[in-house]
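I opened this entry to keep a record of what I looked up, in the order in which I looked.

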Amino acid sequence: MSESEFPPEDRAVDMYLGILRTRMDTDDYRLLLDVVEPVLKAIDERRLPALDFAIGEEGGHGVSQEIRDEAALVVAAAVTGRMDNEVVEIDLDETGPIRVVTDADTAADPVRLGEIADYIRNRHRENEELRGIAEVSGLPTDF
């Protein structure tokens with residue numbers, strides 16, 4: 001298959017990985033690939049079990065915040081076909097700061113970031129309510 005036959009979203013992630021390959025230290029780039037390859041393969045095979053994707057401390061095992069951010073941007077390029085995504089940190093009072101990936105226009109819009117923060121707060125609250133119901137009902141709470 002020639003490059004012109006790849007779907008547009010494949011070109012974005014390949015271009016972004018090419019940029020990172022030249023910009024990053026070789027060992028860091030290899031570590032980044034170790035983090036993103038299983039996710040990119042799952043995306044390619046259309047077998048992601050959930051919409052959420054987190055590269056947190058528990059899954060990061062010594063992966064720096066910089067590499068986790070780049071991994072999130074690589075996945076975003078694969079999913080959206082865009083290279084203008086940014087990682088932004090949103091401070092939530094209940095849970096502390098979280099990092100999310102969004103397009104450049106949204107990242108620069110405080111009103112839109114506030115809407116995203118409200119959505120995350122509501123989702124967190126709903127999850128806690130469901131976790132409480134599951135606990136009282138004797139059901140698993142690890143969702």
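By class, which residues does the lining of the largest cavity have? I worked on a predicted model, in which local features need pLDDT of at least 70 and side-chain atom pairs count only at pLDDT 80 or more, while totals for chains, interfaces and linings use all residues. Residues are numbered from 1 along each chain as its sequence is written, and side-chain values use heavy atoms, with hydrogens and water left out.

**Cavity.** I took a cavity as a set of points on a 1 Å grid over the protein atoms alone where a 1.4 Å probe fits but cannot get out, with lining residues having an atom within 4 Å of a point. The lining of the largest cavity has four nonpolar residues, one polar and one charged, with Ala, Leu, Met and Tyr among the types that count as nonpolar and Arg among the charged. I noted the lining residues as Tyr16, Leu73, Ala77, Arg82, Met83 and Asn85. The space in this cavity is about 30 Å³, a volume being the space filled by probe spheres set on the grid points, which are joined across faces, edges and corners.

**Chain.** I found six helices and two strands in the protein chain, both being DSSP runs (helices H or I, at least four residues; strands E, at least two). From the N terminus the order is α-α-α-α-β-β-α-α.

**Threonine 106.** I placed threonine 106 in helix H5, residues 104-107. Threonine 106 has a relative accessible area of 12% and is therefore buried, a word I use for under 20% with a 1.4 Å probe, protein chains only. Leaving out residues up to four places away in sequence, threonine 106 touches Arg112, Leu113 and Ile116, contact meaning heavy atoms within 4.5 Å.

Methods: Buried means under 20% relative accessible area, exposed over 50%, partly exposed in between (1.4 Å probe, protein chains only). On a 1 Å grid over the protein atoms alone, a cavity is a set of points where a 1.4 Å probe fits but cannot get out, and a pocket is an open set with protein on both sides within 12 Å along at least five of seven lines; lining residues have an atom within 4 Å of a point.
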